[in-house]
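Work through the two exercises below with the sequence and the structure in view, and follow each solution one step at a time.

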2 protein chains.
Amino acid sequence: MDLKDLENIEHKIEEREDFSGFKVSPIEVFFPKDEEEVERIVKFAYENSIPIVPWGSGSSLTGAVSCEGCIVIDLSKMNKILEINDVDWYVRVQPGVKLIDLYEAVEAKGLFFPPDPASFFLCTVGGATSEGSGGMRGVKYGPFREWVLALKVVMPNGNIVKLGEPLRKNRAGYDLIHLLVGSEGTLGIITEIWLRLIPLPKKKIFLVISYPESIKKAGEAIIELRKAKILPEFSEYLDADVVKSMNKNLNAQLKETDGGMLMISIEDDQLQDVISIVKEKGEYKVLEGEEAERIYSLRAQAAIAVKTENSGYFYAEDIVVPVSKLPEAIERLNELGKKYGTKFYIISHIGDGNLHPNILGKNKDEVEKLFKEVAKISIDLGGSVSGEHGIGVQKAEMMRVQLFKSNGPLVLDLMMGIKRLFDPKDIMNPGKYVERAYLAGTTAASFKDSSP
Amino acid sequence: MDLKDLENIEHKIEEREDFSGFKVSPIEVFFPKDEEEVERIVKFAYENSIPIVPWGSGSSLTGAVSCEGCIVIDLSKMNKILEINDVDWYVRVQPGVKLIDLYEAVEAKGLFFPPDPASFFLCTVGGATSEGSGGMRGVKYGPFREWVLALKVVMPNGNIVKLGEPLRKNRAGYDLIHLLVGSEGTLGIITEIWLRLIPLPKKKIFLVISYPESIKKAGEAIIELRKAKILPEFSEYLDADVVKSMNKNLNAQLKETDGGMLMISIEDDQLQDVISIVKEKGEYKVLEGEEAERIYSLRAQAAIAVKTENSGYFYAEDIVVPVSKLPEAIERLNELGKKYGTKFYIISHIGDGNLHPNILGKNKDEVEKLFKEVAKISIDLGGSVSGEHGIGVQKAEMMRVQLFKSNGPLVLDLMMGIKRLFDPKDIMNPGKYVERAYLAGTTAASFKDSSP
């Protein structure tokens, strides 16, 4: 087989960039229309040992789809919702379906798919599955991982497999499904996805907006909610500078205070319990209906507002710490800011300890240095360097530090063993994530660094 | 190191049997009191290439802990609840903790661990994690898999690793946690488990008991509930013979009818919706409080009642089919019963299609033959040969059939590759589950069959 055999698959040569500016310089971008075309491309790449990178919407924040000299498989033409099953409660889709289109389609049938990464208005189901994405509702409903029932995958050798069945209970063999979820395109190309659905909630939901004196007070409120056994739909925090940036760039019309804004979405029957906690932290108000919807949509665009305003380096941080460690994490972030004379833009899924203390800086070195110090805080507190954005190129070295400190060196050996087992020729999104973390101890310098 | 070095670890030589009569003839049973003792035993076994079988309460229904000439690591002395965190909402336990003791401990703190395999009154957390157990509440809350946050594991080479952190969101590397959950002791010995908790539900729950004309009508009711977007706490079905057996052996005082008994546990606000569906299928009544609790506890003992009554072979079946395929599955089971002049004792988590058409027979061959035909029904309908009991020795061959038909042969190769990666000397519960399914195509006859 040679490249001519792939000519009838739509293709072009095109430079790209992901959302955080990592470069993609492919030898060819293919736009397969179906699984059979994906299979042909992968077989060609396998035979010729050419790296492959799958592409959804390019909304990676970690360089997960960056490459040079690779074949990009752009899955945007495989965007069909194949089946919505209202008895078995699943939706079966192709990977290029936009998450926002999936929401609309299942809601029309009275069903609900909870995970809502902030990029839901453009990211694809394939991308979010490969990244094991989270989102605001993760605190109540969990991340993508908990919603994937089954997958079809074109393996690195071109073989097509199905992993699992659209069943929540299934004990037939080791769980390969959840190896693929969050594998960042390094183990195979996902070509079909079965996602679990639940009934669309009917209960009335309110949005409590609180203006705590400080982020520390916001963290304390979250701990009190936990102790009171209150589980919100979501609980988000935006710091004062983020609110200002949203007003300026999104015409958000949010109230500006020194302590930022805490948002707690809660069902009817626990509204008073939430109020009794937040009223001790500062002013508050209760929203519902359209105004609550407006704030929810605005929250998803917070990072865009911050990025729009700043021409320097923007590093989308994604640490997560146990909720009980929020005050300590916040304290250490404040100290770090003072030490470096900088301020983090915090856009946080604070309810599950996922802090997003985003870093803005004049140049790459400055930002990289700060990133490592931020990541170290999460590792020290028994957290993780990534809650939902993934690892890609950007966080591989700090993931290695985390695994060595918290889990034991053998864990990375096992992960690398899995990479070799699935992808013996190392063509599937190579040089990233687990492989990059593994090699960081030996030959990190040899990696081509495509970061901006 | 030789066996003498292990002398100060509590041990004895003891023949055992699992719940379905599979034999265990170990060279030694060790009762380690802590992780360090597990480590020493495993290192000894690794150096001397001796098979190891971990043991919780022996409630396996598939021969998952059967062996001859192995070392049994009985984890019953490692039974401490190490931490209940009421902010981070997790419980950290040793593997030998009984599930019923865990329930009690977390409920005392206002927290809730939903998974409830029918053996909860005696099974251990380690066993249920290794088996990826399900239960009645699985239909609403999912099986064990969805509740395991992190694990400590003594690997087959004696190395200790920690997998994950007690965080629901964590993207640091491939998901090895969920490879271990449901691995049936074939990848390592779990020595510590972090389980996710949620607030203890406060809503009033009712138990609707319905007496449908037939199991087919029960299946239809479940489909109607799904279409109406009603998600019960649990929905169980017991057939007429099971009810009779429970009255006889457990003094259950249940009403005996021709069509068996459907039990639907539902929150206050959807009670009327459930009633409007079940009333079309036959008589019904609504229970609450102590009487509802009594029925829930009885349900967990249904299999024991059936087993007590019958001196022949009892094969605990565990097929699962998509809910939409329940009528077809039931139809085919009825035909199968007619063909072989037998009756299945159906004790079913019917709400998630997990049917448990248990087989009673005069001898092993008769039961084995029927089992294969039952398993084939689930495979034909896009289901699985096991929903929650696991594979062990008993279901390995039919799991192979399922994977080949539904998933592609490469899937079993990948699973076997993982077994080899984790356990290169093949000492960790060898000859079962994935390995047995893999070898069933070539050298199945060489397996020592320890089934009753």
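**Exercise 1.** Find which elements of chain A the buried residues of α12(A) pack against.

*Solution.* The buried residues of α12(A) pack against β19 (313-315), α11 (326-340), β21 (357-361) and α13 (396-407) of chain A, where contact means heavy atoms within 4.5 Å. Helices (H or I, at least four residues) and strands (E, at least two) are DSSP runs, numbered from the N terminus. Among the buried residues of α12(A) are Val367(A), Leu370(A) and Phe371(A), buried meaning under 20% relative accessible area (1.4 Å probe, protein chains only). This is a predicted model, in which local features need pLDDT of at least 70, side-chain atom pairs count only at pLDDT 80 or more, and totals for chains, interfaces and linings use all residues. Residues are numbered from 1 along each chain as its sequence is written, chains are lettered from A and ligands numbered from 1 in the order in which they are written, and side-chain values use heavy atoms, with hydrogens and water left out.

**Exercise 2.** Describe how chain B meets chain A.

*Solution.* Begin with the contact, which takes 89 residues from chain B and 89 residues from chain A. Next, 100% of the interface residues of chain B are also interface residues in chain A, so the copies meet through the same surface. Then turn to charged pairs: there are 16 salt bridges between chain B and chain A, each a side-chain nitrogen of Lys or Arg within 4 Å of a carboxyl oxygen of Asp or Glu. Finally, Arg171(A) forms a salt bridge with Glu131(B), and their closest N and O atoms are 3.8 Å apart.

Terms used:
Buried means under 20% relative accessible area, exposed over 50%, partly exposed in between (1.4 Å probe, protein chains only).
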